[in-house]
Amino acid sequence: MTPSAQTPMVFGPLKTRNTPKQARAVQRIHIILTATADLLSDHPVQTITTTQIATHAGIPVSSIYRYFSDVNQVLRELYLQSAQELRDKVLETLENTETRPGWRDRLHQIILTQRDYVRNNPYYRLLLMYFVSARPAVAARDREREYTTELMEMRWKRGQDGFHGGDPKVVAQTVLQIAVAMEDMIAAQSNPENADIYAQEFLTLLDSYLANYLED
């Protein structure tokens, strides 16, 4: 069976193991992750098995074990790849000072980006809730999350966005923690209307907080 979920067509370097050099191996991993995302559209995370993934992808189950030790590693790889894609979108908005020169405009777009990503990729919402209890272990290896904080810190150390009156590192880390909490809260909402409500509340919170340190 061919996977049909709307998933990223290009995955980045693997997070849970070394990325194979062979193009065929990379393509096989892509098929495995895409099939997993598709299965999550109508299967609880806890019920997914390597046999289901292999059947859905139309490959031998041995192909999965060639690249992943177990189903949990497949799920974690898909989660980390999706989280990376979302952070790339957030970073793009954060640095887009030409189209969106004001920090409030960029902030609003970042909140919308997070909300829409969770909404348009339902498998990510399920994986986020599944791994949230293990987030410290995941985050410990998450260099991209540190990079996001460092980027904000560097911008504000240079006085960009009109930063003043605080410690850029502390403010950047606080913003990231609020953003992580926001992502978790939005992901926990199965009703899109509720997700919109919480997104607006977090936007109000971040806007009020950053107004103490940023100026257009």
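This is a predicted model: local features need pLDDT of at least 70, side-chain atom pairs count only at pLDDT 80 or more; totals for chains, interfaces and linings use all residues.

Modeller: Residues are numbered from 1 along each chain as its sequence is written, and side-chain values use heavy atoms, with hydrogens and water left out.

Colleague: What makes up the secondary structure of the protein, and how many helices and strands are there?

Modeller: The protein has ten helices and zero strands, where helices (H or I, at least four residues) and strands (E, at least two) are DSSP runs numbered from the N terminus. Of the 216 residues, 47% are buried; buried means under 20% relative accessible area, exposed over 50%, and partly exposed in between (1.4 Å probe, protein chains only). Among contacts with a separation of 6 or more, 71% join residues 24 or more positions apart, contact meaning heavy atoms within 4.5 Å.

Colleague: Why are α5 and α10 called roughly antiparallel?

Modeller: Helix α5 (residues 103-120) and helix α10 (residues 192-210) pack at an angle of about 155°, with their axes 10 Å apart. The axes are lines fitted to C-alpha atoms, for helices over the stretch in contact, and angles run from 0 to 180 degrees between N-to-C directions. Angles under 35 degrees count as roughly parallel, over 145 as roughly antiparallel, 65 to 115 as roughly perpendicular and the rest as oblique. The angle of about 155° is over 145, and α5 and α10 are therefore roughly antiparallel.

Colleague: Which residues make this contact, and into which classes do they divide?

Modeller: On the α5 side they are W103, R104, L107, H108, I111, R115 and R119, and on the α10 side P192, D196, A199, L203, L206, D207 and L210. They divide into eight nonpolar, one polar and five charged. Here Ala, Val, Leu, Ile, Met, Phe, Trp, Tyr, Cys and Pro count as nonpolar, Asp, Glu, Lys and Arg as charged, and the others, Gly among them, as polar.

Colleague: How do α5 and α9 cross, and at what angle?

Modeller: The axes of α5 and α9 (residues 168-187) come within 10 Å and cross at roughly 35°. The crossing is right-handed; a crossing is left-handed if the near helix is turned anticlockwise from the far one by less than a right angle, and right-handed if clockwise. I111, Q114, R115 and V118 of α5 meet A179, M182, E183, I186 and A187 of α9. That contact comprises six nonpolar residues, one polar and two charged.

Colleague: What makes Y79 and Y124 a stacked pair?

Modeller: Seven aromatic pairs are found in the whole structure. Rings of Phe, Tyr and Trp (its six-membered ring) pair if their centres lie within 6.5 Å, and planes under 30 degrees apart count as stacked, over 60 as edge-to-face and the rest as tilted. The ring centres of Y79 and Y124 are 6.0 Å apart and the planes stand at 15°, so this pair is stacked. Because Y79 lies in helix α4 (residues 71-95) and Y124 in helix α6 (residues 122-131), the pair ties together parts that are 45 residues apart in sequence. Both Y79 and Y124 are buried.

Colleague: What is the geometry of the pair formed by Y209 and Y213?

Modeller: Y209 and Y213 are edge-to-face, at 5.5 Å centre to centre with 65° between the planes.

Colleague: How do you know whether V170 is buried, exposed or partly exposed?

Modeller: V170, in helix α9, has a relative accessible area of 45%, so V170 is partly exposed.

Colleague: Why does V45 count as buried, and what does V45 contact?

Modeller: V45 lies in the loop between α1 (23-39) and α2 (50-57). Its relative accessible area is 6%, so V45 is buried. Leaving aside neighbours within four places in sequence, V45 is in contact with L40, L75, L126, L127 and Y130.
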